[in-house]
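Reader: Can you walk me through this one? I'd like to start with how the chains meet.

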Amino acid sequence: MVSYLGRNALAAYITIADLITLFATVIRSLIDTVVHGRRSVAQVCMRQVFFTGNEAFKVVFVVSIAVGIAIISQMSNVTDAGRGSLIGKVFVWVVIREIAPLITALVVIARSGSAIAIELGQMKLKGEIEYLETLGIQGEQYLIMPRVLGVGVALFILNIYFNLIAVSSGLFVSWLGWHIPLSHIKQGIISVLTLRELLISSSKSLLFGFVIAALGCNAGMRVGDSITQIPQAGTKSVIHSLVIVFILDVLVSFTFIF
Amino acid sequence: MVLFSKVVSGGIDSVLDFSIEKGATAGIVTSREIESEVIVRLLLGFLAPLEGTISVNGIQPYLLNDKNLSEFRKSVGVIYHDGGFISNLNVWENLTLQLSYDGSSKKAEIVERGMKSLETVGYDGSLYVLPNRLSILERRQIAFARALLMQPALMIFQSTLEGLSRSEQSRLSSLVLAYQGQGGERTSLFITSYQDSLKGIQADLIYNTGGATQS
C-alpha cells in the first residue's frame with residue numbers, strides 16, 4: 001500500500017517536474033525564434049491552430065448547442081419562467097466561466113492531446129527528431145513550442161465559439177419553448193458578464209491548451225525503442241491531461257474568487 | 001579535417017584511429033550497418049566517444065552546447081540511407097526546411113535555389129508527395145539536393161550507394177563525382193558496410209574499421 005502510494009506520488013512529481021521543465025523550454029524556444037526560424041516555426045504553429053481548431057469545431061458545435069439547451073431547460077424548470085434574468089446570470093456563471101473551458105478542453109484532450117503524443121512518439125521512434133536536429137533545427141523549437149502555442153490559441157478560439165453558440169442556442173430555445181422574453185435573459189447576462197468573467201474563461205482555455213499540448217509532447221518525446229510505447233504515450237497524455245486540467249480548473253477558479 | 005583519435009564507442013568493435021584531410025574524399029568501411037550509424041552519430045555530436053577524441057574542422061561536436069551544436073550541424077550535410085526526412089512534410093517542405101528555418105534567404109530565393117538543386121540531382125518527380133511515396137533513389141537524390149542547398153564543408157554519405165540497381169548506383173555516383181569535381185575544400189565521407197559500393201567513387205582514402213587502410 002505504502003509502496004503503491006509512493007510510486008504514484010513519485011510519478012505525479014515527475015510529470016509536474018517535466019511539465020515545468022517543458023514550459024521553461026517553450027519560453028526559451030520562443031526567445032530563440034525571435035532570432036531565427038520564425039517562418040518555419042510560425043508555419044507549424046498555424047498548422048496546429050488549424051488542425052486542433054478545425055477538427056474539434058464540429059464536435060464543439062454540437063456539444064455547445066446541447067449544453068446551451070440543457071442548461072436553459074433545467075433552469076426554466078427550476079425557476080419561474082418570469083425570472084429570465086436569473087437564467088442569464090446562471091449562464092454566465094456556469095457556462096461561460098466553468099463549462100465552456102472544461103468541455104472544449106475535454107474535446108481537445110481526446111482529439112489533439114493524444115494525436116500530438118502519438119505523432120511525436122512515431123517521429124521519435126523513426127529517428128525523425130534526430131534527422132531534424134541533423135539539419136541544425138532544435139526539436140524543442142520546431143516541434144514542441146509551436147504545438148504548445150498552437151493548441152493554446154486554438155482552445156482559446158474554440159472557447160469563444162462554444163460560449164457564443166451555447167448562449168445563442170439557449171436564448172433561442174428559452175424563447176421558443178418557454179416564451180421567456182429574450183430581453184430578460186440578456187439583461188441577466190449583461191449584469192454579471194464583466195471583464196473578469198471573460199478573463200477567467202479565457203485564461204482557463206489558454207492555460208488548458210498549453211498544458212494539454214505540453215503533456216502530449218512530453219508523453220510523445222518519452223517514447224523509447226518499442227512501438228508499443230506509442231499507444232501508451234497517447235493514453236498517458238489523455239489521463240495526465242484530464243487530471244491536471246480538472247485540478248487547474250479548481251485552482252484558477254479559486255485564484256479569481258480570492 | 002576529420003580526426004578520430006583512438007576512439008572507443010559503444011556499437012563499434014574496434015578502436016577508430018584515422019584522419020581525413022580537408023577537401024579529401026574518403027570511405028569508411030564498417031563491419032556492420034550499426035557501426036556506420038554510430039560513426040555518423042559520433043560525427044554529428046549525438047554521441048560522445050567513451051575514449052579518445054573526435055574533431056571536425058577543429059571542433060569537438062560532443063563538447064558543444066545545444067546552440068553551438070545546431071550551428072555546427074548546419075555545416076555538415078548528411079545523406080542518410082533512407083533520406084532522413086520528416087514523414088509528414090512533403091518533398092518540397094523537406095527540401096527547403098533547413099534553408100527556410102535558417103532565415104537568411106528570402107522566399108523567392110529559396111524557391112530558386114530549391115529548384116536549381118533539384119535540377120542538379122536530376123529529380124523530376126512531384127514536389128508535393130510525402131517521402132514514403134518515393135523510391136530509394138529519389139529519397140537519396142532529394143537528400144543530396146537538400147544537403148547541397150546549405151553548401152556544407154563536410155558531406156557525409158551513409159550507405160548512400162547501397163540497395164540500388166546498377167544503373168541507379170551509377171546515376172547517383174556520377175552526381176557525387178560531379179559534386180566532388182567542383183573542387184574547393186569540400187570533404188566527402190562515405191560510410192558503408194559494403195565496400196563494393198565505393199567502387200564508383202574516387203576515394204583518396206578508404207579506412208576499414210577492422211584496421212586496414214588503403215590510400
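**Chain contact and chain B**

Author: This is a predicted model. The contact takes 16 residues from chain A and 18 residues from chain B.

Reader: Which helices of chain A each supply at least two residues of the side that touches chain B?

Author: H2 and helix H4 (128-134) of chain A. H4(A) gives the most to that side, with six residues.

Reader: And by class, what has the side of chain A that touches chain B?

Author: Four nonpolar, six polar and six charged residues.

Reader: Switching to chain B. What does the domain assignment give?

Author: Domain 1 of chain B is 1-75 + 153-215, and domain 2 is 90-151. Their centres, taken over C-alpha atoms, are separated by 22 Å.

Reader: How many residues does the contact take from each domain of chain B?

Author: Eight residues from domain 1 of chain B and seven residues from domain 2 of chain B. On the domain 1 side, helix H6 (residues 166-181) of chain B gives the most, with three residues. The residues of that side divide into four nonpolar, two polar and two charged.

Reader: Now helix H3 of chain B. Is H3(B) mostly covered or mostly uncovered?

Author: Mostly covered. H3(B) spans residues 91-102, and ten of its twelve residues are buried.

Reader: Which are the buried residues?

Author: B:Val91, then B:Asn94, B:Leu95, B:Thr96, B:Leu97, B:Gln98, B:Leu99, B:Ser100, B:Tyr101 and B:Asp102.

Reader: What do the buried residues of H3(B) pack against?

Author: Helix H2 (38-78) of chain A, together with helix H4 (107-121) and helix H5 (136-149) of chain B. So the partners of H3(B) come from both chains.

Reader: What follows H3(B)?

Author: B:Gly103, whose phi is positive, near 80 degrees.

Reader: Last topic, strands. In which sense do S1 and S2 of chain B pair?

Author: Antiparallel. Strand S1 (residues 2-8) and strand S2 (residues 16-20) of chain B pair over four bridges.

Conventions: Residues are numbered from 1 along each chain as its sequence is written. Chains are lettered from A and ligands numbered from 1 in the order in which they are written. This is a predicted model: local features need pLDDT of at least 70, side-chain atom pairs count only at pLDDT 80 or more; totals for chains, interfaces and linings use all residues. Two strands pair if DSSP finds at least two bridges between them. A residue is buried if 20 or more other C-beta atoms lie within 10 Å of its own, exposed if 12 or fewer, and partly exposed in between; C-beta atoms are placed from the backbone. Two residues are in contact if their C-beta atoms, placed from the backbone, lie within 7 Å. Ala, Val, Leu, Ile, Met, Phe, Trp, Tyr, Cys and Pro count as nonpolar, Asp, Glu, Lys and Arg as charged, and the others, Gly among them, as polar. Domain bounds come from an automatic or database domain assignment.
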